[in-house]
Amino acid sequence: MSLTTDKAVASLLRDDDRAVLREIFGERVRFDEPLGPYTSWKIGGPADAFAVVEREEELAAAMRLCFKRRLPWFVIGSGSNVLVGDGGMRGIVVRLGGAFAEIDARVDGDDVIVDAGASAGMAAVTAKAATLGAVGIGSLAGIPGTVGGSLRMNAGTDREMGDFVRSVWVQSPGKPDPHAITVQYFYRHTTLARDAVVSRVTLAFERGDPKSVRDEMQARLVRRKSTQPIALPNAGSCFRNPEGDKAARLIEAAGAKGWRVGGAEVSPLHANFINNVGGATARDVATLLARVRRAVHEQFGVELQLEVHLVGVFIDET
Ligand SMILES: Cc1cc2nc3c(=O)[nH]c(=O)nc-3n(C[C@H](O)[C@H](O)[C@H](O)COP(=O)(O)OP(=O)(O)OC[C@H]3O[C@@H](n4cnc5c(N)ncnc54)[C@H](O)[C@@H]3O)c2cc1C
C-alpha cells in the first residue's frame, strides 16, 4: 500500500475515545468492524468504531464525543443505498436500533398517522399503515430501507416519502438533543443537513378503504418481484432517472446489460441495478459504475447522476 493509502485506512480513534465509546455503548460498540454485512451489497471495509444506538441519550452522548474530538461519523440505516469503500470508514459509524425502531400507527379522523422511529423498517411501516387504509402507502412498499434512510433519500416510486411527512426530529453534533426541523424534498434527495441524524418522523395519509389499499400494495409488490432482482445483493437503482427518461433504458440501449467487473454485474433483469454476483469489491462496483456512465454519455450525451451514496475510503490499487 502507498503511504497515502496507509494514512487513509489508519484508525482515528485514540485509546481514550474507545474507552468513552465503551462507557456509552457497552457491548454494542465494536472496533475495526467490517461494514459489508450491514449493507445490501454486502461490500465494505471496516469502521474504526461501529455502534448500535438504542436511545436518544446515547446518540447525543456519541455526538458530543464527535463534536469535542472532531471525529468524523456516519449513520447507516439498512445500508440499501450505500457503497462503502474497501478501505472502510474512519471515525464512528452508528446504526440506530432499540427505541428507534418503534412504530405507532393510528386513525385520527380522516387521516392515518404514523409515528415511527428512524430505524423502523419501511416494510413494517407500510404494512401497519396499509391495514389502517393509508392512501398512497403502496408507493413506499417494497423499499428495503429504514425510515431515516428513506427520509434522507426521499425514497419512493410515483409518490415519495416527502409527500407524507408531517414532522421530522433530528439530532446533530452541534445540537445533540432531539429537535424538530423543516426539510424540503426533491427527487431522491433533501435539504436535510449532512450532519443531521433523523431520530423520528411523523407521516400522515388520507384514510381510505383498507382492503383496496392493501390489494393495491400487494399488486405493486408482485410487480416489483418480476421486474427487479430483489433476491441478489444490490442497492436498487444506482443512477437517478434523468429528466424525461429512464436511466435503465439508457443503460440497456448502451449495451451495458450483463457487463461485469470482478464480482459486480449490471443486472440482466434491470439495467440500473448492479448485482454482487460473488466476492465483488467496492472497487469492482465503482469501476463498473464509471464504465456504464461513460458508455451512456458517449452514446447519448446524457450524464447520469448517482443515486447511491459512495462513502468511506476507495482504494484504487491492489
Ligand atoms: C432491491 C432494492 C429496491 C429498492 N427500491 C427502491 C425504490 O423503489 N425507491 C427508492 O427510492 N429506493 C429504492 N431502493 C434504495 C433504498 O432502499 C432507499 O434509498 C432507502 O430509502 C435507503 O434506506 P436505508 O435505511 O437503507 O439507508 P442507507 O442506505 O443506510 O443510507 C442512505 C443514506 O441515508 C443516510 N441515513 C440513513 N439513516 C439515516 C438517519 N437516521 N438519519 C439521517 N440520515 C440517514 C445515510 O447516511 C446515507 O447517506 C431500493 C434498494 C434495493 C436494494
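Domain bounds, as used here, come from an automatic or database domain assignment. For the protein chain, that assignment gives domain 1 (3–99), domain 2 (101–227) and domain 3 (247–311). Please keep in mind that this is a predicted model.

**Where domain 1 meets domain 3**

Let us start with the pair formed by domain 1 and domain 3, whose C-alpha centres lie 28 Å apart. Eleven residues from domain 1 and 14 residues from domain 3 take part in the contact. The size of an interface is often given as the accessible area lost when the parts come together. Between domain 1 and domain 3, the buried area is about 1,100 Å², and carbon and sulfur atoms give 62% of it. Which residues of domain 1 lose the most area to domain 3? They are Trp41, Asn81 and Leu83, and together they account for 59% of what that side buries.

Strand β4 (residues 82–84) supplies three residues, the largest share of the side of domain 1 that touches domain 3. Sorted by class, that side of domain 1 has seven nonpolar, two polar and two charged residues.

**Around the ligand**

The ligand has 35 residues around it, of which Val75, Gly77, Ser80, Asn81 and Thr146 come nearest.

| Residue and atom | Ligand atom | Distance |
|---|---|---|
| Ser80, polar side-chain atom | oxygen | 2.6 Å |
| Asn81, polar backbone atom | oxygen | 2.7 Å |
| Gly149, backbone N or O atom | nitrogen | 3.4 Å |

**A salt bridge to look up**

The structure holds 24 salt bridges. In one of them, the side chains of Arg28 and Glu54 meet at 3.7 Å, N to O. This pair links distant parts of the chain, 26 residues apart. Arg28 sits in the loop between α2 (15–25) and β1 (29–34), and Glu54 in the loop between β2 (46–53) and α3 (56–69).

Definitions and conventions:
Residues are numbered from 1 along each chain as its sequence is written. This is a predicted model: local features need pLDDT of at least 70, side-chain atom pairs count only at pLDDT 80 or more; totals for chains, interfaces and linings use all residues. Side-chain values use heavy atoms; hydrogens and water are left out. Contact means heavy atoms within 4.5 Å. Buried area is the accessible area (1.4 Å probe) that two parts lose on being put together, summed over both. Helices (H or I, at least four residues) and strands (E, at least two) are DSSP runs, numbered from the N terminus. Ala, Val, Leu, Ile, Met, Phe, Trp, Tyr, Cys and Pro count as nonpolar, Asp, Glu, Lys and Arg as charged, and the others, Gly among them, as polar. A residue is near a molecule or strand if one of its heavy atoms lies within 4 Å of it. A polar contact is a pair of N or O atoms within 3.5 Å; within protein, one must be able to donate a hydrogen and the other to accept it, and residues adjacent in sequence count only if both atoms are side-chain atoms. A salt bridge is a side-chain nitrogen of Lys or Arg within 4 Å of a carboxyl oxygen of Asp or Glu.
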